[in-house]
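This briefing is for a reader who is meeting the structure for the first time. Please look over the sequence and the model before reading on.

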Amino acid sequence: MQVGKENRILILIFLCLAVALPGACTYKGGSGRVSEMQEFDSFFSTHSDSVVMAPRWMKAQALQRMERTKDSMVRYNYLAVALKTCLATSDFDSAQLLLRQVEAFAGRQPFSHRLADLQSECFNIKGNVYSRKGYIDSAAVCFKEAYEARLKGTKFEVIPDILINLADATNHLGRPDMGAFWYRKALLMCDSLKMPYRKKISIYYGLSQGYLALRDYEQCDYYSELAGKNYADMFPDEKHFYLNNRGNSYYYRGDYSTAIGYFRKVVELVKDYPDMSWALNLSYLNLSDCFLQLNKTDSVVKYLELCQPFFEELGSTTALYYIDTQKIELALQCKDFAEARRLLAMSKASPEIDADMIHIRNKYLQQFYEETGNYRQAYDYLKENKRLDDSIRNERIRMRTADLTLRYQQDSTLMAHKVLFQKQENEMLILRQTRLVTLAVAVIALLIAAFLFLYNRKKRDLLLAQNRRTVSTLRLENIRNRLSPHFIFNVLNQEVVNHKEEEKQELVSLVKLMRRNLELAEQLCVTLTEELDFVKTYIDLERRSLGATFHPVIEIAGDVLPEQVWLPSMMIQIPVENSVKHALRGKEGKRNLWIAADRREGGVCIRITDNGGGYHPESRNRGTGTGMKVIMQTIQILNMKNQAAIDISVHNVTLPSGETGCEVTFLLPDKYDYRI
């Protein structure tokens, strides 16, 4: 039984420790069903690479799942995935059709964070469509709206991609300083979200492209090298942007052979990806320009014939203007002035055309008029080009200055953020350490408490076992000591036969008292009836020596049943014997002794009272106290295994007659266990 209790205590302690220790398992409520939105998130996170790697398969999967979905928000999220695949396959007509469907749905819905994510996706895709068609200003507006909508959504990990698109569009609008600003903002967002390094690759080559526009080749090469470290981990479209940017970098430096090498790598790359038609034709256009600078006219014609149909079908004004410019220079190199004049008459500059391209066109016009003998017109274009050179140079200086200012501001902001984050991390570290120390102290205190509890229980069990052994030893000694009293009883019984009737009665009472005393000594507890019977026999023997002035009174209350009340053996006998021997025997006058038993709340109260002048520890007649010690030790042993203890008190009282007496009180609890 004791082992079972200890096991339960240990289990309780370990349960408390399990609850207190961090990292415990937690239960997430709910029915356990995966919602349709969670299913969509799982699908997209698993197959997101397939948007570029296998766009047609991805589109089919998204549309199939869309048909099986009941939640309208999830349906249009699948439709947005299908919309993204249209960009990968350059299917812009389908992209615009799907865009209108998604936008119409989003316009009918109340605001929610998920709706903000969907709207951001639409703005981002629309911006890419505008960018591919050459409407860069519209693309930049869409990317800005996509960024603002995503800040209200839930998927912040997409924000760097949107910022990259916004930065790229800003570069194409002739603001490379602001493009670098958005790229660095994307880089800061990646660091804040603790995104993997490969996510930063497109930012690095984007920054490289921006600094190329500023003709800051040192910064351009620095970020190109950072991007190139993970070239093998790039997606195909990322490899295209990286290689194209590197080729452009060497083109503007005049190293056309190295530039051709990078553009040919793009052509080799996209051969395995037939959906990357935009990248392929852009590389053809770049190659034709490089060969044009090297006066290799056959290669120029070859690559222009390959890419012109694609851009005409797409309607890209910038690309077509670039093609016409190359054809003009090709005609001039071939001395075909009629073709050059025809091309100049047909081609018109658009507001969207980059200043660098206009500058190149003007150089060709200057060359044309020089070779046709119209020197005045050639001189006008020379002045115009000089003005453009100064303007472009001044604009680049202004933008580089603005870039340095923005970079300084961002670095200052970033430093302030880092200081703030470091401060917050330190506070969190202190908080975690405090919690760990508190938890450790609590666990140690709990373990110490458990150890002390088990130690005290073990100590108490050992003490109880020792007491049992002591009681057993005393019982054995008592049995051995009975041999001598039995011999004495036989002798006394023989003597009783030879005495007169009056003396015989006293001897019989004495023998009865001794025999009963021996029997009671062998029992740990007796009933109140048995104890009082022994006490009465003892009082009867003492009457002769105390005389007529001795008045014993025994009062048992009506609600006390003596045969049902148990008490330790000799608990009344010893106090009565002490009263007669030490208080009443030498007293003058009346000698009174009261034994009373009545019921109190929770048990039975027994009082032994005399009028012998009270208890005086310093008195020479107080005795050795052996009897009371036996009673006290017996009660102490019994109380150790009971919740409600036997209460004993010895104190002097003032009697109604004015005399002082000694009163011994015992309170016996109900349902007391007398077993050892």
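In which sense do S6 and strand S7 (residues 660-669) pair, and over how many bridges? The two strands pair in the antiparallel sense, over eight bridges. The model is a predicted one.

- Five strands form an open sheet with mixed pairing, and their order is S2-S4-S5-S7-S6.
- The edges are taken by strand S2 (550-556) and strand S6 (647-654); each has a single partner strand, so one side of each has no neighbour in the sheet.
- On average, neighbouring strands of this sheet are turned by 15° against each other, with direction ignored.
- Helix H23 (residues 528-546) packs on the sheet, where it touches S2, S4 and S5. The direction of H23 makes about 170° with that of S2.

**Strand pairs within the sheet**

- Strand S4 (residues 591-600) and strand S5 (residues 603-610) are paired over eight bridges in the antiparallel sense.
- Opposite Arg-599 stands Val-604, a residue of S5.

**Helices H12 and H13**

- Helix H12 (residues 217-228) and helix H13 (residues 236-252) have axes that come within 11 Å and cross at roughly 155°. Because angles over 145 degrees count as roughly antiparallel, H12 is roughly antiparallel to H13.
- The crossing in which H12 passes H13 is left-handed.
- On the H12 side the contact involves Tyr-217, Cys-220, Asp-221, Ser-224, Ala-227 and Gly-228. On the H13 side they meet Tyr-242, Asn-245, Arg-246, Ser-249 and Tyr-252.
- Sorted by class, this contact of H12 with H13 has five nonpolar, four polar and two charged residues.

**Helices H15 and H16**

- The axes of H15 and helix H16 (residues 297-314) cross at roughly 140° and come within 8 Å.
- H15 passes H16 in a crossing that is left-handed.
- From H15, the residues in contact include Trp-278, Leu-282, Leu-285, Phe-291 and Leu-292. Among the residues they meet in H16 are Val-300, Tyr-303, Leu-304, Phe-310 and Phe-311.
- The class count for the contact of H15 with H16 is 15 nonpolar, four polar and no charged residues.

**Helices H15 and H17**

- Helix H15 (residues 277-293) also packs with helix H17 (residues 317-333), at an angle of about 25° and with the axes 11 Å apart. Because angles under 35 degrees count as roughly parallel, H15 is roughly parallel to H17.
- H15 passes H17 in a left-handed crossing.
- H15 contributes Leu-285, Asn-286, Ser-288, Asp-289 and Leu-292 to the contact. H17 contributes Ala-319, Tyr-322, Ile-323, Gln-326, Glu-329, Leu-330 and Gln-333.
- In this contact of H15 with H17 there are six nonpolar, four polar and two charged residues.

**Stretches annotated in UniProt**

- Over residues 240-273 the chain is 82% helix and 0% strand, and the end C-alpha atoms lie 11 Å apart.
- The annotation "transmembrane region", also from an unreviewed UniProt entry, covers residues 436-455. In the model, residues 436-455 are 100% helix and 0% strand, with 28 Å between the end C-alpha atoms.

Conventions:
Residues numbered from 1 in each chain as written. Predicted model: local features only at pLDDT ≥ 70, side-chain atom pairs only at ≥ 80, totals over all residues. Heavy atoms only, no water. Axes fitted to C-alpha atoms, helices over the stretch in contact; angles between N-to-C directions. Helix = DSSP H or I, 4+ residues; strand = E, 2+ residues; numbered from the N terminus. Parallel < 35°, antiparallel > 145°, perpendicular 65-115°, else oblique. Left-handed = near helix turned anticlockwise from the far one by under 90°. Contact = heavy atoms within 4.5 Å. Nonpolar A, V, L, I, M, F, W, Y, C, P; charged D, E, K, R; others polar. Pairing = 2+ DSSP bridges. UniProt positions renumbered as here; feature names shortened; annotations may be inferred.
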